[in-house]
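Here are a few notes to read alongside the model.

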Amino acid sequence: MLVRKPVFNQSDPTEFVFRVFTTVPEFQVLLFLLFFLLYLMILCGNTAIICVVCTHSALRNPMYFFLANLSFLEICYTTVVVPLMLSNILGAQKPISLAGCGAQMFFFVTLGSTDCFLLAIMAYDRYVAICHPLHYTLSMTRELCVQMLGGSVGLALFLSLQLTALIFTLPFCSHHREINHFLCDVPPILRLACADIPVHQAVLYVVSILMLTVPFLLICVSYVFITCAILRIRSAEGRRRAFSTCSSHLTVVLLQYGCCSLVYLRPRSSTSEDEDHQIALVYTFVTPLLNPLIYTLRNKDVKGALRNAIICKAACDAS
């Protein structure tokens, strides 16, 4: 079936449209329901984590403070993308202004990079807890945790602003404004530019290295020290408990950094737009959905707090 190309207003070259997932109405409805259900599950799962951490005194330590903020980031991250994506699944293609596209890119990159920085901070928290347990409460104070979180947000805002501003100074062709994606991400927008972009691609690689590679290397270094410390524990039960506190975080790290690296750090010559599209679906839906599941299924404290919250809610409803 031929898909009719959108007709762009040549006198108003300030709009983009997203490529449709499918033109078959039945499939459009199915995709809408699927993505809407996944979005609701992401909202419910991450909101549950935030509520449990905020209401249970046993979870008021740095690890769960960062976990609650990670869940909040996941909610914001998906909310920047999914509602607009859902509105474009059903019916005709809907235009997005140049300013709206720039705003979505800015917030998407900011929240995504803050997510990566926060995972590195969580690795440092586990390093201090396992390698220097006697100094943990003195080192990881509330003030330091807030400062590290604020620093990661500030750095993400700075890098995202520079990258977004640089990209949207490019000229875009008035006859080529269909984004082969479901969001205003950096690579598909660069492909629409009517100018040479080697400098912009170089800047994208530098920013990607700062947002992805550097935090990932810090996480790797932290886990080298953590592994060495765990192997020195004499008790098998002690080693198992120490590994269990890190396994959830490590699983999330591999999912997040693996998908993002495939999109932003691969050479352009070895990538395809369809592959980027599919990988983006993973880190937009799968990773935010799995985060609360991973942390609840693999963490006894969170599972216990959730169980108590459900029992208390049931008791209140019954009375």
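1. A quick word on handedness before anything else: a crossing is left-handed if the near helix is turned anticlockwise from the far one by less than a right angle, and right-handed if clockwise. With that in hand, look at H1 and H2: H1 passes H2 in a left-handed crossing. Do keep in mind that this is a predicted model.

2. Staying with that pair, helix H1 covers residues 25-55 and helix H2 covers residues 62-89. Their axes are 9 Å apart and the packing angle is about 160 degrees. Angles over 145 degrees count as roughly antiparallel, so H1 is roughly antiparallel to H2. As for what sits in this contact, the residues divide into 21 nonpolar, six polar and one charged.

3. Now try H3 (residues 98-131) against H7 (residues 198-231). The axes of these two helices come within 9 Å and cross at roughly 15 degrees. Angles under 35 degrees count as roughly parallel, so H3 is roughly parallel to H7. The crossing of H3 past H7 is left-handed.

4. Who makes the H3 and H7 contact? On the H3 side, the residues include Val 109, Cys 116, Phe 117, Tyr 124 and Arg 126. From H7, among them are Leu 210, Met 211, Pro 215, Phe 225 and Ile 230. Sorted by class, this contact of H3 with H7 has 20 nonpolar, two polar and one charged residues.

5. On to the cysteines. How many disulfides does the structure hold? There is one, and it joins Cys 101 to Cys 184, with an S to S distance of 2.1 Å. The link is left-handed, at -120 degrees about the S-S bond. Cys 101 belongs to helix H3, while Cys 184 is in the loop between strand S3 (178-179) and helix H6 (186-190), so the bond ties together parts that are 83 residues apart in sequence. Both Cys 101 and Cys 184 are buried.

6. What about Cys 51? Its sulfur is 7.0 Å from the closest cysteine sulfur, the one in Cys 54, which is too far for a bond. Cys 51 is partly exposed, with a relative accessible area of 41%.

7. Finally, Cys 260 is in no disulfide either. The nearest cysteine sulfur to that of Cys 260 belongs to Cys 116 and is 5.1 Å away. Is Cys 260 buried or exposed? Cys 260 is buried, with a relative accessible area of 6%.

Notes: Residues are numbered from 1 along each chain as its sequence is written. This is a predicted model: local features need pLDDT of at least 70, side-chain atom pairs count only at pLDDT 80 or more; totals for chains, interfaces and linings use all residues. Side-chain values use heavy atoms; hydrogens and water are left out. Axes are lines fitted to C-alpha atoms, for helices over the stretch in contact, and angles run from 0 to 180 degrees between N-to-C directions. Helices (H or I, at least four residues) and strands (E, at least two) are DSSP runs, numbered from the N terminus. Angles under 35 degrees count as roughly parallel, over 145 as roughly antiparallel, 65 to 115 as roughly perpendicular and the rest as oblique. Contact means heavy atoms within 4.5 Å. Ala, Val, Leu, Ile, Met, Phe, Trp, Tyr, Cys and Pro count as nonpolar, Asp, Glu, Lys and Arg as charged, and the others, Gly among them, as polar. A disulfide is a pair of cysteine sulfur atoms within 2.5 Å. Buried means under 20% relative accessible area, exposed over 50%, partly exposed in between (1.4 Å probe, protein chains only).
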